[in-house]
Amino acid sequence: MLGLLPFVLAALAGTSSAQTTTYQAEDATLTGVTVGTSVAGFSGTGYIEGFDTAGDEIKFTVTSASQGLYDLKIIYNGPYGDKYTTVVLNGAGGGQVALPATTDWVTVSAGQVLLNAGSNTIQIQNNWGWYLIDAITLSPSVPRGPHQISTTPVNPAANSDAKALLKYLGSIYGKHILSGQQDQASLDWVETNVGKTPAIIGLDLMDYTDSRTSRGASSTDVDKAIAFAARGGIVTFCWHWGAPVGLYDTPEQRWWSGFYTAATDFNVATALADTTNANYTLIIHDIDTIAVQLKKLETAGVPVLFRPLHEAEGKWFWWGAQGPEPCKKLWNLVYDRLTNHHNIKNLLWVWNSVAADWYPGDATIDMVSADTYTQGDHGPISATYNALLDLVDDKKIIAATEIGSIMDPAQLQLYQADWVYFCIWSGDFISGGQWNSLDLLKSVYNTDYVLNLDEIQGWKNPTTSTTTSVRPTTTSSTTTRTTTPVVTTTTSRIVTTTASPRTSTTTTRSTTTSVRTTTTSSRTTTRSTTASATPTAVAGHWAQCGGINYNGPTACEAPWTCTVLNPYYYQCL
Ligand SMILES: *[C@@H]1O[C@H](CO)[C@@H](O)[C@H](O)[C@H]1NC(C)=O
C-alpha cells in the first residue's frame, strides 16, 4: 500500500491529456445549479452557475484503478468577487478552497486527494457561492526526488550533541515519525494509559523569565528535560515569553497571559528600533536569563530542539504582533545573543511560521515546523507540510511541533507528509478523549512507522548501537513532491491552511499551560475575551463561526447551524 504505483485513472465522461484528466462540470450530477453558456471561454459545452444556496453542489464521480494520490484543480470564473468553495472527497469532511475574483477562466489548485481504488466522489459545494465552475482536473501527484535536507547545524560551533541530534533526525526523515508529548504530566499520562513512552518531550521556558518569576512563577522544566534525556529521550523547548514590561494585568488580561498580544502594550518594533531604548535592554536581559537555563542543558549533555518566537505569523503573541520585520529582527537577535555572545552550542533552531515573508533565512534555522489544530482530523496535514517544503526548498527537516489530534501513520505515508516528529499539546488535547481516543492513541503508538523512546535508544551514538537501525520501509525512495498547498483532502476530512481554527486553539492551550503553573482562574477569564464578529459575512458549511479570539462571521448560511464544538471552535454544521 506504500509508495507510488503507476496510476490509471479511468475517466467517466472525462478527457485525458498526458496524465491529466478533465471532468466537465456540465457532465456531473447537479443539485440546485444549472448549465450556463453566456460567459465565453469555457471548455466543453458549458459551465455551472447558480451557486447561491446551501445544498447547491456539483458531484463528480471519478474512478481510479488503484489507491493513489492526485493533484486536484478547479477551473472557474469569479465575476462576483473573492469567494470560497468547499471540496468534499468521498462524502467525508470538507475543506475550503479560495476562488479569488477574476473575470477570466482560471485554474486553481485544490491540493491533493487520495483516491480509493474504484469509484470516488468529489463534491464542489456552495460555501460562499456566486462563482462559475467549468471543470475539475486530476493528475497523479508528481514524484518528488529524494529529500535535499541539510543535517549540519547552522551554528558552526554546534557541539557534538547538537550535531548528533540533527544527524539522527536526518537518518529517520521520511522513514519514520517520532512520537512526542508536551509537558511532563501529559507524558506521564501517555506512559500510564497508552503503555508507551514518547520519544520526545516538549517543555517550556515560560516560567524562567522576569515577567513571571517576579510574580511568583517558577519552573522545573529544565530538570525534567535533563531527566528525560538521561532516559535516552529527545527534548524540545518552546518559550511563552511574557512581555518584559507593559502587561495590563487586568481581570480580563491577567499577567500570566503576558505573552499574548491582547495582554500587553509592549511594542516589539519600537523596542528593537534603537539599541539604547530601555525596552531593548529588557529584551536582552530576558534572553540572558534563559541563556542560563540553556547553558545548564548544554552542560548536562542535552541538545535542545529550540523553538522560540513560535506561531509568530498568527500575531496573537507580542513577538508577531507588529508583523514579520520586527519578528525576524528579534529572531536574529535571540540567535546572535545566545550563539555568539553566550556561546551556547547545544541548540537546534526550529522556526515555526509557514509564510514566506516571515522566514528569517536559512543561515539561522536548522528546522522548520508548524503548529496545527483541527479537532478530530487525523489526516496528515499535508497541505501545511508541502507549504513548509516549498518555504525551505526541501533543505531543512520539517516537524509538526504542536498538534491536537494525532496523525494517522498510514495517511502520513500515503500523502508522504514526512513530518519528522509530532508533539501533541498537553492536558485535554492528549487525555480528554475529544481530540484523541485512547484506542487511536494506542494504535498509533504501536505502529512501526512511529518511533517511541524504547526504539530510539542510542541515537547519540548510532555506530555503537543496534537499536537505532532504521526498519526498511517502502516510502523512503518514492516520495512525492507537490507544490500547491491550498487544501488537502483526506479520506476523513479536508485540512485547510487557513489560520483561524489554529488561532483559537492556540490561545486555549497556551493559556491553559500558564494557568496550571500559576492559578486556576484564567480559563474562565479568557473565555470572556471572545472577539466580536464581522457582521457582514456569512460562514458556509464546515466553516468556523465562533470561538475565543475568532473574529470572522458568526452567522451560518442556511440551513447550517453554528455549533459549539468547544469554547474555542464553533463550526457551521
Ligand atoms: C517600553 O514599553 C512600555 C510598555 O509598552 C511602554 O509603556 C514604554 O513607553 C516603553 N519604553 C520606551 C522607552 O519606549
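Strand β13, residues 132–140, is mostly covered, with eight of its nine residues buried. The model described here is predicted.

**Strand pairing around β13**

Two strands pair with β13. Strand β3 spans residues 20–24 and runs antiparallel to β13, with four bridges between them.

| Strand paired with β13 | Residues | Sense | Bridges |
|---|---|---|---|
| β3 | residues 20–24 | antiparallel | four bridges |

**Helices α6 and α7**

Helix α6 covers residues 278–299 and helix α7 covers residues 324–341; their axes come within 10 Å and cross at roughly 45°. An angle of 35 degrees or less would be needed for a roughly parallel label, and 65 to 115 for roughly perpendicular; α6 and α7 are therefore oblique to each other. The crossing of α6 past α7 is right-handed.

Which residues of α6 and α7 meet? From α6 the contact takes in Ile284, Ile287, Ala291 and Leu294, and from α7 it takes in Val334, Arg337 and Leu338. By class, the residues of this contact are six nonpolar and one charged, with no polar residue.

Conventions. Residues numbered from 1 in each chain as written. Predicted model: local features only at pLDDT ≥ 70, side-chain atom pairs only at ≥ 80, totals over all residues. Axes fitted to C-alpha atoms, helices over the stretch in contact; angles between N-to-C directions. Parallel < 35°, antiparallel > 145°, perpendicular 65-115°, else oblique. Left-handed = near helix turned anticlockwise from the far one by under 90°. Contact = placed C-beta atoms within 7 Å. Nonpolar A, V, L, I, M, F, W, Y, C, P; charged D, E, K, R; others polar. Buried ≥ 20, exposed ≤ 12 C-beta atoms within 10 Å, placed from the backbone. Pairing = 2+ DSSP bridges.
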